[in-house]
Amino acid sequence: MTEDEQKQAAAEKAVEYIEDGMIVGLGTGSTAAKMVDLVGAKVAAGLKITGVPTSEATAEKARNLGIPVVGLDEVNVIDLTIDGTDEVDPEGRLSKGGGGAHLREKIVAALSDRMIVIAEAKKKVAQLGAFKLPVEVIRFAAPALKPRLEALGCTPTLRLKKDGTSFTTDEGNYIYDCDFGKIDEPEDLALTLSIMPGVVEHGLFIGFADLVLIGNDEGVEVIEIETKQAE
C-alpha cells in the first residue's frame with residue numbers, strides 16, 4: 001500500500017471503535033483528516049456523536065461535514081480521542097506537533113477515557129527523535145528560551161511559514177522545532193521541558209495512547225498499550 005492508503009486503512013479501523021452517543025476528540029493532521037471524513041460520513045448516515053476538535057482547522061472541517069462540535073466549556077469528559085502522530089515507539093510514547101496543534105491535542109487527550117493513535121508504517125520507530133520535537137513557547141520568551149533549549153543538547157529552529165514569517169499556533173504562540181537526535185530518556189526530557197518557564201507545551205505524549213493502529217502493506221497492525229505512564 002502507498003502511505004496514503006496506509007493512513008486510510010488506519011483511519012477506517014479507528015472509526016470502528018466509535019459508538020453512538022460518544023463524545024469524540026477529533027485529531028489534527030493528514031491522517032486524522034481522513035478519520036474526520038469517515039466520521040462525517042457516518043454522521044450523515046445517522047451516527048449520533050459530538051466532536052471535540054483539537055484545532056481550528058479540524059473544527060472547520062467537522063462543521064462542513066455536519067459533525068456537531070463543542071468546546072471544553074460544554075464537556076468535561078471525552079469518551080474517545082482519535083489522533084495521528086509523527087512518531088510512536090514500542091511503549092506507545094509519541095512525538096507529535098508537526099501540524100502545530102499539540103497543545104490542544106494534549107489537552108483533549110488528557111480529558112479522554114481512551115486515545116487511539118493512527119499512523120502509516122513509517123511512523124512506527126524503535127526510538128523517538130528522528131522527527132524534530134516541537135516545543136511551543138510564548139512569543140515574549142522565545143529569544144531567551146533558545147539558548148536554554150540548546151543547553152539541553154538540541155538544535156532549536158523557529159518554525160516559519162512558507163512566506164518566511166513566523167508560524168503561530170491557534171493560541172498565538174511560536175514553535176521551536178528541536179533536533180535532539182535520538183531521545184534516550186523521553187520521560188526526563190518531557191518533565192524538563194514542562195517546568196521550563198515560557199514553554200507552553202511540547203510534543204512528547206507519554207502515557208496517553210491506549211491503542212495504536214498502524215497501516216502497513218498487510219493491512220492494519222493493532223498494538224494495545226498495556227501500561228500507561230503518567231507524564
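1. Basis. This is a predicted model, in which local features need pLDDT of at least 70, side-chain atom pairs count only at pLDDT 80 or more, and totals for chains, interfaces and linings use all residues. Residues are numbered from 1 along each chain as its sequence is written, and side-chain values use heavy atoms, with hydrogens and water left out.

2. Helix H2. H2 covers residues 30-44, 15 residues in all. Helices (H or I, at least four residues) and strands (E, at least two) are DSSP runs, numbered from the N terminus. From first C-alpha to last, H2 reaches 21 Å, close to the 21 Å expected at 1.5 Å a residue. The expected span is 1.5 Å times one less than the number of residues. Just after H2, Gly46 takes a positive phi of about 120°.

3. The buried side of H2. Which residues of H2 are buried? They are Thr31, Ala32, Lys34, Met35, Val36, Val39, Gly40 and Val43. Buried means under 20% relative accessible area, exposed over 50%, and partly exposed in between (1.4 Å probe, protein chains only). These buried residues pack against helices H1 (3-15) and H3 (56-64). They also pack against strands S1 (23-26), S3 (80-83) and S6 (115-120).

4. H2 with H3. Two packed helices are described by the angle between their axes and the distance between the axes. For H2 and H3 the angle is about 25°, and the axes are 9 Å apart. Axes are lines fitted to C-alpha atoms, for helices over the stretch in contact, and angles run from 0 to 180 degrees between N-to-C directions. H2 and H3 are therefore roughly parallel to each other. Angles under 35 degrees count as roughly parallel, over 145 as roughly antiparallel, 65 to 115 as roughly perpendicular and the rest as oblique. H2 passes H3 in a right-handed crossing. A crossing is left-handed if the near helix is turned anticlockwise from the far one by less than a right angle, and right-handed if clockwise. Ala33, Val36 and Asp37 of H2 meet Thr58, Lys61 and Ala62 of H3. Contact means heavy atoms within 4.5 Å. By class, the contact has 3 nonpolar, 1 polar and 2 charged residues. Ala, Val, Leu, Ile, Met, Phe, Trp, Tyr, Cys and Pro count as nonpolar, Asp, Glu, Lys and Arg as charged, and the others, Gly among them, as polar.

5. H1 with H2. H1 and H2 pack at about 45°, with their axes 9 Å apart. The two are therefore oblique to each other. H1 passes H2 in a right-handed crossing. From H1, the contact uses Asp4, Lys7, Gln8, Ala11, Glu12 and Val15. From H2, it uses Ser30, Thr31, Lys34, Met35, Leu38, Val39 and Lys42. The contact of H1 with H2 divides into 5 nonpolar, 3 polar and 5 charged residues.

6. Ala119. Ala119 lies in strand S6. Its relative accessibility is 1%, so Ala119 counts as buried. Leaving aside neighbours within four places in sequence, Ala119 is in contact with Gln6, Ala10, Thr31, Thr85, Leu213, Ile214 and Gly215. The C-alpha atoms of Ala119 and Ala11 are separated by 8.1 Å, at 108 residues apart along the chain.

7. Thr2. Thr2 sits in the segment before H1. Thr2 is partly exposed, at 43% relative accessible area.
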